[in-house]
Structures are given as C-alpha cells and as structure tokens.
Amino acid sequence: MSKLNLTRRGVLQTGVVAGAGLTLPTYLRAESHAGFTNAPTGDTVTLGFNVPQSGPYADEGADELRAYELAVEHLNGGGDGGLLNTFSSKALQGNGILGKKVEYVTGDTQTKSDAARASARSMIEKDGAVMITGGSSSGVAVAVQALCQEAGVIFMAGLTHSNDTTGKDKKANGFRHFFNSYMSGAALAPILAANYGNDRKAYHLTADYNWGYTTEEAVRTSTEALGWETVATVLTPLTQTDFSSYITPILQSDADVLVLNHYGGNMVNSLTNAVQFGLRDRMVNGKQFEIVVPLYSRLMAKGAGANVKGIFGSTNWHWSLQDEGSKAFVKSFGTKYGFPPSQAAHTCYVQALLYADAVERGGSFNPCAVGEALKDFEFDGMGNGPTLYRGEDHQCFKDVLVVKGKENPTSEFDLLEIVEITPVSQVTYDASIFGGELGACNPGA
Amino acid sequence: MFGLEKKDARLLILVAVLVAFAPFILNPFPEGSGLAQFNAGYPDLMQRFVIFGIFAIGFNILFGLTGYLSFGHAAFLGVGSYAAMWMMKLLTMNVIPGIVVSVIVAGVFSLAVGWISLRRSGIYFSILTLAFAQMSYSLAYSVLTPLTGGETGLQPKITDPRILDAALAPGATPKANLFGLEMGSSVELGMGSWLFTFNAGYYVAAIVMLVAFYMSIRIFRSPFGMMLRAVKSNQQRLNYTGLNTKPYTLAAFVISGMYAGLAGGLMVAMDTQVGAERMFWTASGEVVLMTILGGVGTLIGPVLGAGAIKYMENILSKINSDILHTWFAFLPDGLEDFVVTLIYPFIGKGWHLTLGLIFMAVVIFLPGGLVEGGQKIAKLFKRKSPVDDSPDGKTTPAE
C-alpha cells in the first residue's frame, strides 16, 4: 500500500472542493414530475425501438428497425412522407410529435423475455423513452407489455401473432396492430374448404409452445366447423430441425391434409421435409394430399424456396397489395433500402405512426390520453383497408390476406400471391372469448 | 470483525462501500452529455449487477473451490424464479416469502441433480448438468406450460389469489414490495447536471448480496472450504486416504444451487416476470464466463466478472450506428463513414464479438481474470515488500 500523507493544506482544499460540490443546486425529488412517466421536457421526445437484433428472428428485427428509422424520418418531415400522405387522420404535420422532434434509442431483445425486459427497462429508466415498440415473438411481446403497464409507458406491439397478447395477457397500456391466430384460422378455413372440399382429414404438426397451441386450436376449430375431421395433432419440439420422424406417421395415417403450425426456421424445415417425403404427390382416399401453413411471411417463403409453391397460408400484409397506402409504403421503403418491406416492417411502421397520431390527437404524451385516443379509433390508408382499434382488447381489426406460394416467382421477393382478402367481418370475434383483463391505464408515478 | 481476518474484513467493507455508493460511482457523466451513454447507474442495471453477482459468487463456491464445472446452473436460477413467482401469485406480493421459498426449492432441486451428476467428474459431470438444465428448460417451455406459462412465462395478475394480501385498490396493479416499500420506487437526487437514482429494490438486493458475499468468505476460510480445495487439487489422493469426498462436493453443489435460487428469487422480486429462457444453456454458460472473466477461486472476482458482462450486454448493445455518427461527426465525411464502419461490428448486436475478444485477451494474458489484472497494476505501484506468503487465497486465484 502506498502511504497516505495527509497535510493540513490538502485536507482544507479537498474540503472546500467537496463543500462547493454539495452546495450546487441540490434537490431531492420523487419520480413524478409531469403526472406521467418520462414526460418529455425539452424539444425532443424519445421512443424506444426494442427489436431482436440477434437470435432466430434477427432478420425480422433488422427489417423492423429499418421501418422504424423510416417512420422517424417521416414523422420529422424527412423523406417523401410515406404513409402520412395516405393516412386518413391528418393530425400529423411532419414536424415531429406535438412539435417535438422524434429521437429514438434501440435495443436488442435477443428474442428472450429477460433480455427484452432488461433492454426495455434501460430505455425507460435511463433514456427516458415514453413509448416502447417492436419485438418479434409473442413471449417477448407479453413480457414487455406487462413491463410497460407497470412502468406507465405505452407499448405498441410489433410482430406477435398469438391470441394471448391481446387475449388473456392483454394490458391497458399495450396495443397490437398485427393480426392473431384466431383471425388466421377464420380467414383460412373457408378458402381451404372451397379449394380442397369439405370432407378432408387434417393432420396437425404443432410447434410445442404457446403460439403453436393457439394457432392449432384456431385452425382446428374453424376447419372442423366446415366439416373437416382432425386425425391427429402432434407436438414437435421448438428446437427440432429434422422432421422426418414426424412425417413418417402421416404416411401411415389416412389424413389427406397436413397443417404445419410452425413459424420461422421450424416451418422452413418441416415443409422441406414434407415435400422431400413426397407428400405433395400423394393421393389419399382418391384426393390429392395438401399442405397448409397458417402463418406465412416472406422471409419464411424465401427460406423454403420452391417448396412453398401452391401452399396456402395467411399473412397480415403483403407488399404486392395495390391500395394507395401499400403502394406509398413500398415506394418509400424501396427508395431508401432498395427492396420491398416485409410484413414485420409494415406493422412496425404503422404502429409508430398510429402512436404519433394518437399523441397528436390526444394532445399529450400521457399514456392515458394516448389510450383514450386509440380506443375504438377507426382509420384507413395504412395498407390494410378500413381498420378499427377495438377498445375492449386493444386489438386491430382489419381484412386478413390469404396467400399462396407463387408458381412462377419473378424475383426473390415475389414469392407469395394473394388469393383472397378476407373481409374484417369474417374474422371479428367477441373480445371476451380469451379471458384476461385489460385493467386501467397506468400513467406511471 | 464478524469473525473475519483483517484482510477479509477490509475487502467486505470495501465491497459494502462500493455497493452503497454505486448510484454515484456508476453515473460519472452528466445527463445530456455525449458520454451519458456510458452511465450505468439506473435501477435495472444496478439490480442486475448485484443479482448476477450473487449468482456468480455461488457458482464460484462450486467451480472455484472444487473445480467441478457445472454447465447447468441456470436451471437452479430458473427454478428459484418460478418458485418465487408462485409465492407472489398465491401468497403475497411481499418479496420475503418468495425469496425464502426460491432458495429452498432450488436447494432441493440441486440436491436431486447433484446426487446424480456427482457420480461422475470432469467433462462427464459438466455434460450431465448441462443435460439436466436443458431438460428443465424444455419442460418449462412446453410440457409444464400450465405451471410455467410456457413461452409467455408468468406474471402477477390482478386476478391472482394472494391470500395474505389485502384486496387491491380498483385500477391498481400488484407490485412487488417489502412490507409496503415498493421495489420499483426510487428517489432521484439532482446535483447540477448530474442525476443520481436511489432505488429501493436495488438496496434490498444489495443487502442480500452483501450477506451472500460474507457467507462466501466464511465458506472460503472454513475447514470445509479447505476440504473443497483439497478435492480440487487431487481428489484421487483424498479418496485413497480413506476420505469420502462425495458429501463435501454434494454440499458445495447444493450451496451453490441455493445461491442460484436466491438470485432467481431476487430477479423476480425486482422485475416481476419469469420466462423459460432464463434456464437456457446460454444462461448457464454466461455464469461460467462471468466467473472466469473475474477470476476463478477469488472472492471478489465473480462479482467483477458479472458486472463487466452485464455492463457490456446492456450498454454496448444499445449503441447504434446513429450514435456512432454523432460521435464522429467532427471528422470529414468519408473518414467518418470509414471509422463508423470499422467500429460498427463491435457495438450494438456485435457486443458478443467484443465480449469474446475481451474474454480471449483475459484468458490468454490474465489467466487469473480481472483480479489478476488488478494485482499486476497494484504491484507496479507497490514498494518491494517481504515475500507475501499469505496462504489465505484471498487475492491469489486457486489455480
């Protein structure tokens, strides 16, 4: 140890400096100031974009982040304005939100609830974010939504398809634009019946986790209502990469439709295996064997390659839609990044704009004011046709796209074609069927 | 003091002071300045520092003393978390029952796992523990969904029974508390442009961590600790002398499992949510990294390692290309882009890469971890002293 030499002069000097430091304007305060958490005080407002930058959904996350950057640019009046021009609400002026310039912080959810919450908490506690958005899985969405409810900020869910997000785990501070398993089932079943007949026997392979269960249930009940029979439902581990052992029993059953309740890499692998086993060339009970994928995304179609040709599924949005909103979005996204956006990018972009618009209309960043502004809000021009943000569960209701793998794709992005746009009335359900309690909005401290 | 030698007491006091003043120490940069990005003094991260500190201290009791490398410690953390969460849902939002039960449940579970895994040593032991952890993870993620909530995990709900708690006020949400003191509540202290946050949850976790640290010192210095070190240096010889080592290793395993459960319970107390990813093998690997990075077999090492890794995970991963551009805005355009391109792979999602490089550097140049680095620096400034032959192993890594 070095020896500590105390001199009278040294002690006095240190004392004076320390004293001066302490007499600087010092005040203690509790967390509350403007009546809600992280009320923006300066001429900027900070939003938190919490997306998976690593892990299995990193591709979706990267696309979401691009969309958010685009949204911030448009909100601050940059670029070509994108969907601000086609959006039915004209509250946004391109001068930020309530005149405050939009700034953002980003974080990595790693598609893990813990990491996502840590990242969101640092945005709220350290960076002063007044809204958190993003995510690419339902587990993360539910976890972060609950956190935002507790902390008193708004959560605008990104890509999350499970019924739970706005069903049993719904929260007053959380909002979802993306569609859900129930809607997929309701939209898909009539198309399947029309194309494949009413007397089919379905075999389900389901990813063994929450989203898989809700999707399987949705597809099963809607197809059974139309006369289909469910032969078997088999759970597959989420980490499974080789599905051969799950395909063989299908060959021995008398099923003539295979439903793959898989997402992402799971779906790519299971579909590829199924095609390799010659399921699609099979004839059972005098009928052609068919495969169905309830939730499609372009990134998945890309992974599965030629195997997706002619396979039905549902999706929230597709860049080949020809309405004004979709065209405007594809144009600004394409100009900035050089390729068309995915559905994850679309839903995130729209969520950012919807939030900004709600703040503008509500006249405050207070989560309760935002919630009030979004409640039963009807809008159009965002690419999905007329849309309703239902007040009972904070879920968006809009048309659902039924798509199928394109037979002759013209580019690496042109992989899906739209079969039908299922009208919103057909996919609407009663808010109480999934249970859960919305609770009251929480503006924080 | 407290039955500690002078040197250990000094270390304990040092740690206590650091922990008490962490809100100041971790927030050295004024709000709004460019460097505020590197401030770590916000409640969530401070809580994580001490909680993962506890986790690593416990892991070090097993790995540092006996040399048994468990690759499944995250399972105990997860089990502790689930136990604490159920206590909160069923009994009360007060954190005490949750934390106590999490330690007990993790202890029982680690007894079962240890009983089987400790039949083997070396790599076979590691693989067995890894297998158990992955099994627990898969069970929690899918099969046990009714109990664990599966993918979406568990959170306190307004409708939970909470038989010991009074009914919630309408519109209120259940919040973790310690006899009414909410874990999330903070007091902020502004000094000029500096802002320091004192969080109730952090100080609760910090006190628990100090107790855990004290117990770890006692274990290190006890005859029991000496026996564990003997296991590490030569288990065979110990066996040949007629000693049965299994009770010692099993006890060490259970103790470190209970530390992990304690960390898990605290995590739930600070942030009322639990998901299965907490038990994934990467989480088990992380605590191994923490311990090695800080210094295996040292007292303070694992805490330092945990702090270093959590700091990088939470601070480095949030720097994006935009922030880089503002930092280097003073450079000419072409050069700015070039510098940003150079640094970009190491920040944001690339923080794993930075961590990997640092880890390699530490393992190659400082096999004793950060603690050895500290010692080397201290030596530079130290006057030549008579040979310091303290056998206590406080600052020297055990191997």
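**Exercise 1. Find the residues that N163(A) touches outside its own stretch of sequence, and decide whether N163(A) is buried or exposed.**

Solution. Begin with the contacts, where two residues are in contact if their C-beta atoms, placed from the backbone, lie within 7 Å. Once neighbours within four places in sequence are left aside, N163(A) is in contact with N180(A), S181(A), Y182(A), T214(A) and F434(A). The model is a predicted one, in which local features need pLDDT of at least 70 and side-chain atom pairs count only at pLDDT 80 or more, while totals for chains, interfaces and linings use all residues. Residues are numbered from 1 along each chain as its sequence is written, and chains are lettered from A, with ligands numbered from 1, in the order in which they are written.

Then apply the burial rule, by which a residue is buried with 20 or more other C-beta atoms within 10 Å of its own, exposed with 12 or fewer, and partly exposed in between, the C-beta atoms being placed from the backbone. N163(A) counts as buried because it has 28 C-beta neighbours inside 10 Å.

Finally, compare sequence with space: N163(A) and E437(A) are 274 residues apart in sequence, and their C-alpha atoms are 14 Å apart.

**Exercise 2. Describe α4 of chain A by its span, its burial and the residue that follows it.**

Solution. Helix α4(A), residues 138-151, has 14 residues and reaches 20 Å from its first C-alpha to its last, close to the expected 20 Å, a span defined as 1.5 Å times one less than the number of residues. As for burial, 14 of the 14 residues of α4(A) are buried, so the helix is largely enclosed by the rest of the structure. After α4(A) comes G152(A), with a positive phi near 85 degrees.

**Exercise 3. Work out how the domains of chain A meet, and which helices take part.**

Solution. An automatic or database domain assignment supplies the bounds, dividing chain A into domain 1 (44-179 + 319-397) and domain 2 (182-315). The C-alpha centres of these two domains of chain A lie 30 Å apart, and the contact takes 13 residues from domain 1 and 13 residues from domain 2. On the side of domain 1 that touches domain 2, α2 (58-75) and α4 of chain A each supply at least two residues.

Terms used:
Helix = DSSP H or I, 4+ residues; strand = E, 2+ residues; numbered from the N terminus.
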